[in-house]
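Hello,

Here is the structure to go with your sequence. My notes on it follow below.

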There are 2 protein chains.
Amino acid sequence: MSIEPQKPNTVLIGKKPTINYVMAALKLLNDEGAEEVVIKARGRNICKAVDTVEMLKNLFIKNLVVKDVKIYSEDLDEEGKRKVSALEITVAKERK
Amino acid sequence: MSIEPQKPNTVLIGKKPTINYVMAALKLLNDEGAEEVVIKARGRNICKAVDTVEMLKNLFIKNLVVKDVKIYSEDLDEEGKRKVSALEITVAKERK
């Protein structure tokens with residue numbers, strides 16, 4: 001688990017405090033000029049992904065909009081017997 | 001917390017096992033003929049809402065589609081100082 005993007009403009013939610021992921025997303029949107037950022041989480045970290053989006057919107061980027069939310073399952077083993085729920089939230093700054 | 005709908009066709013996720021909420025949604029969609037069902041959760045129960053949708057899709061309703069996902073904050077007190085993240089997932093059976 002890491003807060004480093006796994007692909008450009010993605011924040012993968014792990015075990016660290018929510019504010020770490022808020023800061024990672026903020027950096028991508030503000031400093032690195034990302035048009036969109038994908039906040040991604042699996043299993044129990046899903047609620048932290050939603051917290052991250054809400055904290056980002058309420059504390060830092062007032063014009064943040066949720067552009068897309070994907071819900072799906074990922075396989076935990078190669079046979080696909082064990083699955084975990086996953087959530088991807090795509091956010092962007094609203095253009096005026 | 002209750003699995004009884006708070007308004008028609010809503011399943012509010014609480015502390016019970018995920019399968020209880022899957023069954024409540026299934027009953028609304030299959031037995032009561034609901035066109036759409038809203039799965040709603042707050043705070044730590046958010047991951048259970050996503051699990052509910054995935055379990056419903058993978059085990060019971062293969063043509064289930066996620067029609068809408070809302071992310072927002074709810075006030076925990078009247079002054080609005082304490083907030084909790086909330087998630088609403090609207091699902092329906094895909095029409096052929």
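**How the copies meet**

The copies meet through the same surface, because 100% of the interface residues of chain A are also interface residues in chain B. Please keep in mind that this is a predicted model.

**The interface**

The contact involves 19 residues of chain A and 19 residues of chain B. Between them, chain A and chain B bury about 1,400 Å². Carbon and sulfur atoms carry 68% of that area. Between the chains, the count of salt bridges is zero. Polar contact is there, however: six residue pairs make it between chain A and chain B, both residues at pLDDT 80 or more.

Which elements of chain A supply at least two residues each to the side that touches chain B? They are α2, β3 (64-75) and β4 (83-93) of chain A. The largest share comes from α2(A), with eight residues.

**The sheet in chain B**

Chain B has an open sheet of four strands. The order is β1-β2-β4-β3, and the pairing is mixed. At the edges are β1 (10-12) and β3 (64-75) of chain B, each pairing on one side only. On average, neighbouring strands are turned by 20° against each other, direction ignored.

β1(B) pairs with β2 of chain B (residues 36-42) in the parallel sense, over three bridges. In that pairing, Leu12(B) has Lys40(B) of β2(B) as its bridge partner.

Helices from both chains pack on this sheet. From chain A comes α2 (residues 46-60), which touches β3 and β4 (83-93) of chain B. The direction of α2(A) makes about 50° with that of β3(B). From chain B comes α1 (residues 18-30), which touches β1, β2, β3 and β4 of chain B. The direction of α1(B) makes about 175° with that of β1(B).

**One residue to look at: Tyr72(B)**

Tyr72(B) lies in strand β3 of chain B. Leu87(B) is 15 residues from Tyr72(B) in sequence. In space, the two are 6.6 Å apart, C-alpha to C-alpha.

**Salt bridges**

How many salt bridges does the structure hold over all chains? The total is 12. Among them is the pair of Glu74(A) and Arg42(A), whose closest N and O atoms are 2.7 Å apart. This pair links distant parts of the chain, 32 residues apart. Glu74(A) sits in strand β3 of chain A, and Arg42(A) in strand β2 (residues 36-42) of chain A.

Best wishes

Technical notes: Residues numbered from 1 in each chain as written. Chains lettered and ligands numbered in written order. Predicted model: local features only at pLDDT ≥ 70, side-chain atom pairs only at ≥ 80, totals over all residues. Heavy atoms only, no water. Contact = heavy atoms within 4.5 Å. Pairing = 2+ DSSP bridges. Axes fitted to C-alpha atoms, helices over the stretch in contact; angles between N-to-C directions. Buried area = accessible area lost by both parts, 1.4 Å probe. Salt bridge = Lys/Arg side-chain N within 4 Å of Asp/Glu carboxyl O. Polar contact = N/O pair within 3.5 Å; in protein donor to acceptor, adjacent residues only side chain to side chain.
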